[in-house]
Amino acid sequence: MESHIRSYATKLQQALELDTMKLIEQLGLALLSAWKNKKNVYLCGNGGSAGNAIHLANDLIYGAGMKVGGGIRAEALSANPAVLTCLGNDLGYDEIYAQQLRVKASPGDILIALSGSGNSPNIVQALKVSNEIGMKTFAILGYSGGICKELAQVPLHFPVDDMQIAEDLQLIVGHICMQWLCEETAKEVKPMAVK
């Protein structure tokens with residue numbers, strides 16, 4: 001177990017030293033702009049990445065705005081099982097995120113796609129539709145980056161061949177942005193009065 005722990009920690013540390021980390025600033029600035037301009041942020045993923053999408057939506061709605069009493073209009077497209085099962089059954093699993101975006105999203109909104117492989121058909125379709133709508137598209141990816149690396153306007157690609165490290169990195173990127181947003185907005189906005 002000790003050697004596995006060391007190996008895992010080493011792989012994660014190596015990923016955190018990649019130049020990809022420099023792209024987090026672009027995501028953070030886009031999120032700050034969305035906040036200021038009342039744009040919506042949508043997140044999507046499959047499996048562990050679907051859970052991470054829900055986790056990060058929570059962080060953007062509340063965690064990012066803890067010091068100022070409000071956060072970003074964020075939604076995890078993976079959060080509503082009734083919608084997911086309806087769309088999966090009626091339109092096909094490839095459409096479970098794209099169709100939600102067709103209904104909800106507007107130009108200037110943000111999509112953050114989370115994928116280990118970058119080849120999941122429903123994530124690929126979500127990016128295609130988001131680009132057609134005129135959204136700003138980001139993808140946090142592992143492995144080769146897959147098709148999503150080519151579709152996302154800003155691909156944060158960590159070329160790690162380990163799904164768990166790839167999923168860890170999704171949360172790390174999100175948490176860096178959340179903490180930065182919390183500090184940045186606290187400089188600009190007066191805190192809400194405590195009742």
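## Basis

The model is predicted, so local features need pLDDT of at least 70 and side-chain atom pairs count only at pLDDT 80 or more, while totals for chains, interfaces and linings use all residues. Residues are numbered from 1 along each chain as its sequence is written, and side-chain values use heavy atoms, with hydrogens and water left out.

## Nonpolar cores

A nonpolar core is here a set of buried Ala, Val, Leu, Ile, Met, Phe, Trp, Tyr and Cys residues joined through side-chain atoms within 4.5 Å. Buried means under 20% relative accessible area, exposed means over 50%, and partly exposed lies in between (1.4 Å probe, protein chains only). The largest nonpolar core has 37 residues, and Leu 31, Val 41 and Ile 112 have the most contacts inside it. Helix α8 (residues 163-188) gives the most to this core, with eight residues. Helices (H or I, at least four residues) and strands (E, at least two) are DSSP runs, numbered from the N terminus. A second, separate core has 23 residues, including Ala 50, Leu 87, Ala 113 and Leu 127.

Contact means heavy atoms within 4.5 Å. Leaving aside residues up to four places away in sequence, Ile 112 touches Leu 27, Leu 31, Val 41, Tyr 42, Leu 43, Cys 44, Phe 138 and Ile 140. In soluble globular proteins, nonpolar side chains tend to be buried together.

Helix α3 (residues 48-61) has 14 residues. From its first C-alpha to its last, α3 reaches 20 Å, close to the 20 Å expected at 1.5 Å a residue; the expected span is 1.5 Å times one less than the number of residues. The buried residues of α3 are Ser 49, Ala 50, Asn 52, Ala 53, Leu 56, Ala 57, Asp 59 and Leu 60. These buried residues pack against α2 (24-36), β1 (40-44), β2 (73-76), β3 (110-115) and α8.

Ile 61 also belongs to helix α3, and counts as partly exposed at 44% relative accessibility. Together with Tyr 62 and Met 66, Ile 61 makes a nonpolar surface patch of about 330 Å². Patches are made of residues with over 30% relative accessible area and no salt bridge, with like charges joined within 9 Å and nonpolar side chains (Val, Leu, Ile, Met, Phe, Trp, Tyr) within 5 Å. Accessible areas come from the Shrake-Rupley method with a 1.4 Å probe; for residues, only the protein chains shown count as cover.

## Helix α6

Helix α6 (residues 121-133) has 13 residues and reaches 18 Å from its first C-alpha to its last, close to the 18 Å expected at 1.5 Å a residue. Its buried residues are Asn 122, Ile 123, Val 124, Ala 126, Leu 127, Val 129 and Ser 130. They pack against β1, α5, β3, β4 (136-141) and α7 (146-151). Just after α6, Gly 134 takes a positive phi of about 100°.

Gln 170 is found in helix α8 and is buried at 0% relative accessibility. With residues up to four places away in sequence not counted, Gln 170 touches Ser 49, Asn 52, Leu 56, Leu 114, Ser 115, Gly 116 and Ile 140. Gln 100 lies in helix α5 (residues 98-104) and is buried, with a relative accessible area of 5%.

Ser 33, in helix α2, counts as partly exposed at 27% relative accessibility. Ser 33 and Ile 140 are 107 residues apart in sequence and 19 Å apart in space, C-alpha to C-alpha.

## Salt bridges

A salt bridge is a side-chain nitrogen of Lys or Arg within 4 Å of a carboxyl oxygen of Asp or Glu. By this rule the model has four salt bridges. One of them joins Asp 162 and Lys 11 (2.8 Å, N to O). Asp 162 lies in the loop between β5 (154-157) and α8, and Lys 11 in helix α1 (residues 2-16), so the pair ties together parts that are 151 residues apart in sequence. Asp 162 is buried at 13% relative accessibility, whereas Lys 11 is partly exposed at 33%.

Glu 95 and Arg 102 also form a salt bridge (2.6 Å, N to O). Glu 95 counts as buried at 15% relative accessibility, and Arg 102 as partly exposed at 39%. The side chains of Lys 22 and Asp 19 meet at 3.5 Å, N to O, and both residues are exposed.
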